[in-house]
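This note concerns the nonpolar core and the aromatic side chains. Please read it with the structure in view.

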Amino acid sequence: MNDLTPDREDRVAKLKGMGCSRKRVEDARFTQGKGNYVDDIKMPGMLHGDFVRSPYAHARVVSIDASAALALDGVVAVLTAKDLEPIGLHWMPTLAGDKQMVLADGKVLFQGQEVAYVVARDRYVAADAVELVEVEYEELEVIVDPFKALQSDVVLREDIAGETSGAHGERRHPNHIFLWEEGDKTATEQVIDSADVVAEEMIYYHRTHPCPLETCGCVASMDKVNGKLTLYGTFQAPHVVRTVASLLSGIEEHNIRVVSPDIGGGFGNKVGVYPGYVCSIVASIVTGKPVKWVEDRMENLMATAFARDYWMKGRISATKHGKITALEAKVTADHGAFDACADPTKFPAGFFHICTGSYDIPVAYVGVDGVYTNKAPGGVAYRCSFRVTEAAYFIERMIEVLAIELGMDAAELRRINFIREDQFPYQSALGWEYDSGDYHTAWDKALAAVDYNGLRRKQATQLEAFKRGETRKLMGIGLSFFTEIVGAGPVKNCDILGMGMFDSCEIRIHPTGSAIARLGTISQGQGHATTFAQILASEIGIPADSITIEEGDTDTAPYGLGTYGSRSTPVAGAATALAGRKIRAKAQMIAAYLLEVHDNDVEFDVDRFVVKGAPERFKTMTEIAYAAYHQAIPGVEPGLKAVSYYDPPNMTYPFGAYICVMDVDVDTGEAHVRQVYALDDCGTRINPMVIEGQVHGGLTEAYAIAMAQEIAYDDLGNCKTATLMDFFWPTAWETPHYTTDHTETPSPHHPIGAKGVGESPNVGGVPAFSNAVHDALRPFGLRQLHMPHDHWRIWKAANDLGLHG
């Protein structure tokens with residue numbers, strides 16, 4: 001029924017279902033200080049843990065003397081690798097199929113590595129005791145350059161020095177991890193070598209860090225009476241942590257409860273398993289008391305999982321008229337001391353092979369070499385889906401350098417190479433099947449919205465004024481068009497440690513017509529309690545305000561693979577919709593019985609089932625719920641509940657067009673953003689207000705990454721940006737104004753057509769900001785300037801171009 005009668009409009013409005021800008025229900029407690037974070041957890045007799053960390057990036061551990069620390073009043077224990085070795089916990093598996101030290105075993109491989117774990121009655125005593133642990137080191141040669149690592153005689157990972165193959169194939173050097181390849185290398189080289197025009201470039205996506213507002217932490221509590229371990233923590237994938245905890249500890253999984261309370265941001269940083277979790281569990285088992293570990297900001301920046309650090313050498317070929325014929329990417333990926341990337345097993349470089357982007361490129365090849373260095377391990381998807389941000393930056397920079405080679409406008413170059421709407425579903429040269437898209441419409445809308453031709457005229461006018469000496473500022477127009485790949489699963493392609501990346505939802509309708517839905521995901525600020533209730537409201541006809549969403553407790557939630565890579569809506573959202581449809585199917589049978597008609601003679605209408613042709617005869621979902629529990633219905637079980645485990649048939653492919661206008665001062669290196677326009681297509685839009693908030697947040701992170709955010713090391717492996725005095729965290733003062741827009745191209749295989757949006761602004765935003773800087777200096781010969789584009793780097797580039805005379 002589609003008639004929008006006043007009564008029906010009123011019912012739709014009360015439902016607050018999909019498409020409604022419903023206010024976030026989570027915010028009431030957060031804005032009133034009523035959130036419940038890990039460091040808020042207090043338990044009787046709780047102890048506190050803290051780490052002794054290495055000041056060196058590469059050194060042998062000659063000796064550890066904890067006697068002075070143990071003599072300090074209040075210190076309970078000091079754990080070292082020797083203490084963990086008898087129970088096999090001095091090393092642990094990584095999510096990438098490698099292994100890493102829990103506590104330094106023989107030597108340290110990066111500055112800030114965990115050497116010993118102090119357990120004390122409070123965190124202050126623990127911190128004092130850390131200073132009393134005496135560690136003697138023998139310094140070793142440090143390697144922080146991945147290219148030098150592959151040439152050096154220095155063996156970093158001595159534990160696997162003699163192994164010629166690893167989790168992902170052959171290793172050609174002791175510091176080499178893997179070579180991962182996709183595409184047709186021979187055909188790609190042949191096309192490029194014979195092409196009319198070829199552009200080559202080395203593009204570096206620097207090492208950065210998610211730096212969430214809340215650092216990582218946990219509370220481990222072992223109840224020796226009932227043999228149950230409870231672990232509270234900042235976990236983006238609670239069920240995975242439970243499985244890993246079971247594998248490491250030997251405790252049966254049903255005796256482990258993992259709880260993720262409120263989480264102050266994750267952005268990929270809280271997917272992996274850190275030594276703090278393992279040591280806290282061991283300490284609780286040994287002492288019989290709860291043990292809390294919460295890292296400080298410096299520890300978070302120095303030692304938890306980094307992002308990016310990809311050196312990407314590209315070649316792209318085209319005809320004289322700008323039609324792209326081939327793309328080649330040879331990548332050197334710096335993984336640090338251990339390969340601890342949170343990537344699906346099948347894809348050691350994540351989804352980097354989405355690097356053909358939004359373009360119809362007939363042949364392509366990607367080769368990624370993983371390398372060990374003396375840096376912190378990790379490689380998380382910092383607000384992106386498994387290296388998609390690196391891939392998007394790579395192709396959008398390669399498009400720009402190709403435009404220079406062709407002497408063509410970069411907007412037009414993109415237009416003539418976009419995948420056409422009639423080509424979807426589109427099979428890319430590197431193996432992905434794009435589900436749907438209308439790139440030309442989105443691009444035309446974006447260019448018209450910013451008056452692109454007018455901007456180019458203003459840019460030319462400002463350039464002439466610069467040449468006349470009337471201004472010292474140059475205007476740049478940064479273009480970016482990206483295609484994301486999110487929604488990992490499917491199980492056939494994606495897993496973590498062998499666990500397929502499906503997700504789940506369990507719904508229970510109460511007799512009075514309210515509902516609770518439990519999911520295998522966990523929100524870190526995305527608004528799940530708001531938006532998942534809206535999906536259900538539209539599916540089952542119960543107002544969103546009467547639906548409670550619960551996540552993050554493995555004792556109550558169905559098994560799921562967690563929240564990261566913008567997978568919540570594409571996977572868990574689909575599970576929610578399908579579970580809702582199971583509820584609705586049963587409700588239809590109940591309604592038909594109550595209305596004394598056949599099942600097929602009733603149809604769903606917003607919040608009720610009505611008799612076809614007689615809409616005055618109906619039963620509301622509230623009435624149906626009551627009847628499900630209180631009335632005997634032949635052939636129908638009492639109650640109204642359903643569970644769905646959703647394994648997607650394909651991933652989803654949101655896309656967008658981003659444009660940044662920026663002024664660059666050549667004398668100071670300052671870059672002032674005039675305008676940022678962001679058009680996103682995330683398929684069906686569940687809550688436009690939440691989408692806009694996600695885009696604003698992601699763009700702010702993209703701005704920080706492109707313009708200043710960096711984890712930098714000196715030649716001795718010292719981390720130079722381990723405090724917020726040095727690591728850029730944008731505030732409202734630095735954040736530019738954003739204009740958001742959208743098109744809507746539903747995914748054909750998704751139950752509600754949704755594609756996901758949380759990662760998109762970071763994926764598309766970074767190249768938009770970066771390309772604006774490049775575009776400003778392009779008239780004077782700038783081709784490639786490595787990020788981040790801070791004042792110093794821009795000033796130096798301007799100086800190298802002779803603009804300071």
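1. Two aromatic rings of Phe, Tyr or Trp count as a pair if their centres lie within 6.5 Å. In this predicted model, Tyr359, Phe418, Phe424, Tyr439, Trp443, Phe481 and Phe655 form one aromatic cluster. The structure holds 38 aromatic pairs.

2. A pair of aromatic rings is described by the distance of the centres and the angle of the planes. Tyr205 and Tyr393 pair edge-to-face, with 5.3 Å from centre to centre and 70° between the planes. Tyr205 belongs to strand β12 (residues 197-208) and Tyr393 to helix α11, so this pair ties together parts that are 188 residues apart in sequence. Both Tyr205 and Tyr393 are buried.

3. Tyr439 and Phe655 also form an edge-to-face pair, at 4.8 Å centre to centre and 70° between the planes. Because Tyr439 lies in helix α13 (residues 439-450) and Phe655 in strand β33 (residues 655-665), the pair ties together parts that are 216 residues apart in sequence. Tyr439 and Phe655 are both buried.

4. The largest nonpolar core has 193 residues, and those with the most contacts inside it are Phe351, Phe352, Val368, Met662 and Phe769. Helix α11 (residues 388-406) gives the most to this core, namely 12 residues. Apart from this core lies another, of 49 residues, which includes Ala515, Ala579, Val602 and Met621.

5. Which residues does Val368 contact, leaving aside its neighbours within four places in sequence? Among them are Phe178, Trp180, Tyr310 and Phe352.

6. Charged side chains also meet aromatic rings. Arg207 lies over the face of Phe306, 3.4 Å from the ring centre, and Arg608 lies over the face of Phe618, at 4.2 Å from the ring centre.

Note on methods:
Residues numbered from 1 in each chain as written. Predicted model: local features only at pLDDT ≥ 70, side-chain atom pairs only at ≥ 80, totals over all residues. Heavy atoms only, no water. Core = buried A, V, L, I, M, F, W, Y, C linked by side-chain atoms within 4.5 Å. Buried < 20%, exposed > 50% of the residue type's maximum accessible area, 1.4 Å probe, protein only. Helix = DSSP H or I, 4+ residues; strand = E, 2+ residues; numbered from the N terminus. Contact = heavy atoms within 4.5 Å. Phe/Tyr/Trp six-rings, centres within 6.5 Å; stacked < 30°, edge-to-face > 60°. Lys NZ or Arg CZ within 6 Å of the ring centre and 35° of its normal.
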